[in-house]
Each structure stands twice: as C-alpha cells, then as structure tokens.
Amino acid sequence: MTAPRTLFDKLWDAHRIATLGEDSDLILIDRILLHERTGGIALKSLEEQGRRVNDPAQVFVTMDHVVDTLPGRTDATIMPTGTQFITATRDAARRAGLTLFDLGDPGQGIVHVISPEQGIILPGLTLVCPDSHTCSQGALGGLAWGIGSSEAEHALATSTLRMQKPRQMRIMVTGILPPGTTAKDLALHILRRIGSSGAHGHMVEYAGPAIAALEIEARLTLCNMATELSAFSAIIAPDDKTAAYLAGRRLAPKGEDRAHALAYWRTLATDTDATFDREEVVDATQVRPMVSWGTSPQQAVPLGEVVPAFDPDQRLSTEDAHQRALAYMGLPPGQRLGDLPIDAAFIGSCTNSRLSDLRRAAAILRGRHVAQGVRAICVPGSTAVKAAAEAEGLDRIFLDAGFEWREAGCSMCFFAGGESFGPEERVVTSTNRNFESRQGPRTRSHLASPETVAASAVTGRITAPADLEAGI
Amino acid sequence: MTPFTSLLSRAVPLIRDNIDTDAIIPSREMKSVAKAGLSDGLFAGWRYTAIGGREPNPDFVLNDPLYQGATILLGGPNFGCGSSREHAVWALAEYGFRAIVAPSFNPIFRGNCIRNGILPIEADPQPLAAVDGPLAVDLTSQTITTPDGVTTRFAMEAEPKRMLLEGLDPIDLTLELRARIRAFRDKDRGMHPWHYLDVTGNSQ
Ligand code: SF4
C-alpha cells in the first residue's frame with residue numbers, strides 16, 4: 001500500500017520527470033499562458049537567445065493588461081507605450097505559432113477568466129503563467145501557479161520547470177456561507193484572520209462543506225486571492241460541479257477522452273489520512289460582507305464595523321504599517337466604513353468579472369441609479385462574458401443605472417500609466433489588491449464583493465447590499 | 001548570469017512590512033518590452049517627490065548619500081509580494097543590488113531573484129540595520145559578517161545556491177535532459193492523451 005497522499009502530492013508525483021538534487025525536481029508543465037504585459041518579454045528574450053518554444057500547442061496568449069477597454073478600441077492605448085506591448089507580443093506569438101486570443105477574438109479576455117472558459121485549465125494539469133493570480137485556476141483542480149518571466153522562458157523552451165516542492169497547508173472551511181455573503185467575503189475573512197503572509201510559500205488546499213457548496217466561478221474568486229496570502233498557489237479537488245462546468249468547453253476533453261478524463265479526475269482527491277504541514281479551520285457561518293479599509297488585503301472588516309485602531313495583541317501587522325495605511329487611506333480609527341462617501345465604483349478583474357458576478361451586481365442595480373458624482377464602471381472579464389451578459393440584457397441594466405459598460409480586459413484593476421482614478425479618490429472595487437497607488441497615483445481602493453460595489457455605487461457611500469434592500 | 005560569490009557593502013535599511021512589487025517598480029515605470037532601463041523607476045513612488053517626476057525625495061533612504069553604491073538591501077517581512085512582475089528584480093539588479101535580507105520573501109519574487117543573480121537571504125534585518133559599516137556576505141559559507149566580526153549563518157537550498165554561485169543558466173541545464181523529458185511526455189501522453197493538444201485544440 002502506498003502512503004496516503006494529498007491531492008497536491010498526487011499531481012506533483014504525476015509530473016515529476018526527474019529529481020535534480022536533494023531538494024529540487026524537474027516538473028512537467030502541461031499549459032503555459034502568456035499576456036502582453038509580462039509574456040511578450042519572455043517570448044522576445046527567448047528569441048534573442050536563439051531558443052524555440054518546445055511545444056507551441058501548449059501555449060496560449062491573450063491581450064488583457066494594457067489594452068484599452070473603451071468601446072471601439074484598437075492597438076492604440078491610453079497607456080503611453082502600450083501599443084509596443086501589444087504588437088511585440090502579437091508578432092512574437094505569431095512567429096512562434098502560438099494560439100493567440102487577440103483583440104477582436106471572441107476568446108479574448110483576462111487570462112484567468114478565459115482559461116477555465118476555454119477549458120485550457122483542467123483537473124490534473126500543470127499550468128503556469130507569468131502572473132501572480134494564476135492561482136485562481138486551481139479552482140478547477142489543476143496545479144496552476146504564477147511564475148516570473150525567466151521561469152516562463154524556461155517553461156517555454158523545455159516544457160518543464162525546476163522546482164522545490166512547497167510545503168502544504170489545508171484550509172478547511174466548515175459550515176455554509178450565510179445568505180448574502182460570497183466567496184469574495186470569505187477570501188477577505190480568511191485574509192483578515194491569517195494575514196497577507198498567512199500561507200507564505202505553501203500550497204493551499206481549500207476543502208470542506210463550504211467549498212463543496214461553492215459554484216466554480218465562486219471557487220475561482222476564492223482561489224484568486226491565495227496570492228494575497230502569499231501562498232505558492234491554491235487548489236480545490238475536482239468534483240461533479242467541475243466536470244459539469246467543463247463539459248463542452250472548447251479545449252476540454254470530449255468523447256472517449258472525456259470518459260477517461262472523468263475516471264482520472266475522480267482519483268484527484270486528498271487521501272483520508274494524508275497530512276499537511278499546516279491546517280487552518282475557518283467557520284463559514286461567521287463570514288459577513290467584508291470591505292477593506294487599508295492598503296493590504298488583510299486590512300479588511302465586516303461592513304458594519306469601524307476602522308480599527310492598532311491592536312498590539314494581534315501579530316499580523318506592525319504599528320508602523322497600520323499607521324501608514326490609515327494615513328494613506330485618509331481614515332481615522334473608529335470611522336464607520338458604512339458611512340464613507342465614495343468617488344468611484346469598479347466591477348471587474350480576474351477576481352469578480354464573470355457572468356455570475358455581473359448577474360448578482362445587476363440584480364442590485366435593476367431599477368436603481370448610481371449616486372450623483374460617482375463614477376461607476378463595469379468591465380466584463382472576457383469577450384465571451386460580455387457577449388453572454390448582453391444576450392441576457394445585463395448591459396442595459398448597468399447602462400441604465402449609470403455604469404460604463406466596457407470591453408473585456410484588466411482595465412482599471414491596476415494602473416499601468418494609462419487610465420486611472422484620481423489622487424485620493426475613494427474607489428469601491430471588486431478587484432483583489434488595495435496596494436498604494438494600485439488603481440492610479442494615490443487612489444484609495446476598498447476591496448469588496450461585486451454586490452457591495454453595486455450597492456455602494458447606488459448610495460454613494462460604502463453600503464452592504466442588505467442595507468440597500470432594507471432601505472437603511 | 002553573473003556568478004555570485006561574496007559582497008562587501010553597506011546595507012540600505014528599508015524595513016517595512018509587505019513591500020510589494022508595485023512599490024519596487026510601479027507599473028507606470030514599466031514602459032517598454034525590455035528588461036533594461038528600469039533602475040530609474042526603482043521605488044519611484046517613494047524615491048521622488050512627485051508621481052512620474054525625478055526630483056529626489058531627500059527623506060527616502062535610497063537618496064541618502066551614505067548609501068550610494070550600496071549593494072545590500074534590508075527589507076521587511078513578505079518582501080516582494082503582489083504582482084509577479086520580474087521587472088521588480090530587474091530594476092533592483094540594474095540599480096546595483098546583489099543581496100536582499102528580509103524576514104520572509106514572496107515565493108515568486110524569491111525565485112526571480114535567484115534567476116537574476118540576486119541573493120535573497122531570509123534573516124532578521126533589524127540587527128544588521130544597527131551596524132555602522134559594511135557587511136560581508138559570503139554565499140559559499142552562507143554567512144553575513146559585521147565589521148566587528150559577528151557572523152550569522154543563513155539558510156539556502158542546494159539548487160539555488162549552485163545556480164547563484166556558478167551563474168548557471170537553468171535552461172541550458174534542463175536542455176541537457178531533453179531526451180528524458182521527451183520520453184516522459186510520450187509515456188504521459190499514453191495515459192492522459194487529452195493533456196496534449198494540437199494547435200486547433202484537439203487531443204493528439
Ligand atoms: S485583472 Fe487585475 S489582478 Fe487580474 S490579471 Fe488583470 S491586472 Fe492582474
């Protein structure tokens with residue numbers, strides 16, 4: 001009998017080509033994703049060294065980071081040198097014979113949104129991308145993690161990576177999320193509890209009844225923020241929902257392959273007696289709608305609470321970091337977050353821009369209007385999400401409510417030198433990072449679920465969806 | 001890659017929690033599809049008085065004349081968190097940093113350091129910040145030594161140590177195993193044919 005193994009152990013073993021030394025293995029890489037922001041440079045550098053892509057069929061390239069998201073976009077970008085990124089990446093991808101989801105392609109979109117959508121990520125695969133939110137894709141039961149550009153070159157040239165096996169951690173989420181709370185709230189709840197280095201360097205497996213109850217798109221949201229815990233990556237064992245989600249996707253197995261794949265996927269679970277280096281238990285019933293108040297995603301609280309004063313008893317932050325965050329955000333301790341006026345609302349990003357996210361936000365916006373003076377923007381995560389949303393009339397709801405309705409891309413999730421929110425503008429955002437100047441020079445970002453962003457846009461101050469419905 | 005053996009330099013103290021890669025190199029400073037030309041943008045948001053400007057902020061430690069030419073940086077916990085952009089490491093390397101001491105590093109950032117000849121040392125930077133004078137960092141013996149002769153040992157796994165010491169290109173090393181990789185893929189293709197695509201997206 002073999003020793004009990006975790007899901008991660010099984011995937012690692014299945015991909016280990018060779019042991020390179022006492023602490024490193026050569027790991028087979030099945031899929032490589034690139035985007036124009038960091039992928040183009042990897043392709044260019046590979047070419048400059050006279051190297052070739054080992055297996056072009058395993059590489060997928062999309063345009064998401066610096067492309068404009070305004071209607072009628074072209075290769076021209078608001079970001080001053082964006083065009084260079086687009087054309088260099090496109091040309092290199094074509095020369096190497098890679099699958100390209102270019103501007104105008106129905107498959108284009110944010111890399112972590114299109115990969116599950118197209119069936120690029122599958123249970124049991126290894127997938128890498130020079131982008132830290134690649135961990136999102138572990139939601140499908142594959143081993144997906146973010147790498148740097150040099151590692152991307154290595155993966156492109158060899159279909160492998162030289163790796164040290166990370167330590168492992170299980171986050172067991174018991175109970176069920178209360179109605180009105182979402183995977184985003186759970187992600188912020190966990191961040192608040194264990195901190196932004198809380199899973200440092202660990203492979204995280206999310207498990208438990210609350211995870212089983214999450215739909216695939218919600219699992220993607222949860223796994224998306226594993227990098228905010230400084231995790232190596234995150235994974236959720238595939239189940240019937242995973243199999244159903246992948247059925248008929250463009251690159252997912254079909255026919256006889258699907259039958260074999262389903263049988264294989266059923267073996268992809270952590271054995272009962274397998275052990276982890278660390279275990280955390282989180283009670284889902286305690287989760288409330290959350291909003292961040294600071295400049296690190298761990299600086300988040302339930303919506304009804306106030307901005308906390310520094311608490312020397314908690315070990316997650318230093319006083320200096322706490323004070324710095326308060327000063328940057330222009331908030332005194334004790335300030336009720338629920339009363340805070342906002343300047344802008346943003347729905348989008350690889351965290352929360354899928355069809356289910358847009359539907360939930362639209363349900364709140366239907367028949368309502370954005371408060372005066374609030375700039376509100378909705379950016380679907382992919383061209384396919386946008387088309388599906390338009391097919392069911394969601395675009396009308398957003399537009400009638402006073403939201404901008406954009407083309408797919410990362411857009412104002414991050415500031416690349418192009419479009420941004422203004423200095424000291426307070427933005428409620430469905431994105432994943434509230435770092436200093438993340439959405440523009442000196443902008444103040446408050447992370448929340450899409451429904452909280454929608455409700456806040458309507459009242460013009462940070463608002464829980466339930467309070468809006470109750471007319472508070 | 002330039003091999004890394006030892007260093008002798010003052011250490012620049014920038015000991016803040018969670019210094020993220022956006023802070024190390026703001027996205028707006030990544031202007032071209034190139035690995036070079038990034039050092040001017042290093043810590044731009046803190047280093048200059050205005051966003052996008054180049055007027056040095058005299059209060060920022062990198063602008064302190066004492067630390068000009070220093071090759072060691074002291075950072076806080078979770079150093080290099082956030083975006084995976086390798087530009088952060090390219091900017092640090094181009095500026096001249098060869099070693100970073102921090103209580104912990106983001107894993108992607110740490111891997112990027114090793115691939116670009118920067119030694120990431122997991123150690124408490126506080127005692128080193130108090131040292132007035134150059135530190136000697138030696139990778140072979142895995143030690144940091146202060147001018148008073150106080151030596152601390154740091155941990156480093158065998159593979160990254162060899163990469164750094166010999167300035168090896170990992171792609172060349174792996175390509176030596178090409179035949180094994182091909183054999184492994186052929187066998188794996190038999191078991192999981194749907195993992196292997198042709199360019200139209202069909203299993204091969
Ligand atoms: S949406 Fe934001 S976090 Fe996601 S890949 Fe794009 S820039 Fe990164």
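Chain B is assigned two domains, domain 1 (6-157) and domain 2 (169-204), with bounds taken from an automatic or database domain assignment. The model is predicted: local features need pLDDT of at least 70, side-chain atom pairs count only at pLDDT 80 or more, and totals for chains, interfaces and linings use all residues. Residues are numbered from 1 along each chain as its sequence is written, chains are lettered from A and ligands numbered from 1 in the order in which they are written, and side-chain values use heavy atoms, with hydrogens and water left out.

**Chain B**
- The C-alpha centres of domain 1 of chain B and domain 2 of chain B are 37 Å apart.
- Chain B contains an open sheet of four strands in the order β2-β3-β4-β5, with parallel pairing; strands are DSSP runs (E, at least two residues) numbered from the N terminus, and two strands pair if DSSP finds at least two bridges between them.
- Its edge strands, β2 (11-14) and β5 (119-122) of chain B, each pair on one side only.
- β2(B) pairs with β3 (residues 72-75) of chain B in the parallel sense over four bridges, and B:I72 in β3(B) is the bridge partner of B:A11.

**Ligand site**
- Around the ligand (a heavy atom within 4 Å) are residues including A:H65, A:H112, A:D131, A:H133, A:C350, A:C410, A:C413 and A:R438.
- The shell around the ligand consists of five nonpolar, five polar and two charged residues; Asp, Glu, Lys and Arg count as charged, Ala, Val, Leu, Ile, Met, Phe, Trp, Tyr, Cys and Pro as nonpolar, and the others, Gly among them, as polar.
- The ligand lies between domain 1 (12-164) and domain 2 (291-470) of chain A, because both give residues to the shell around it.
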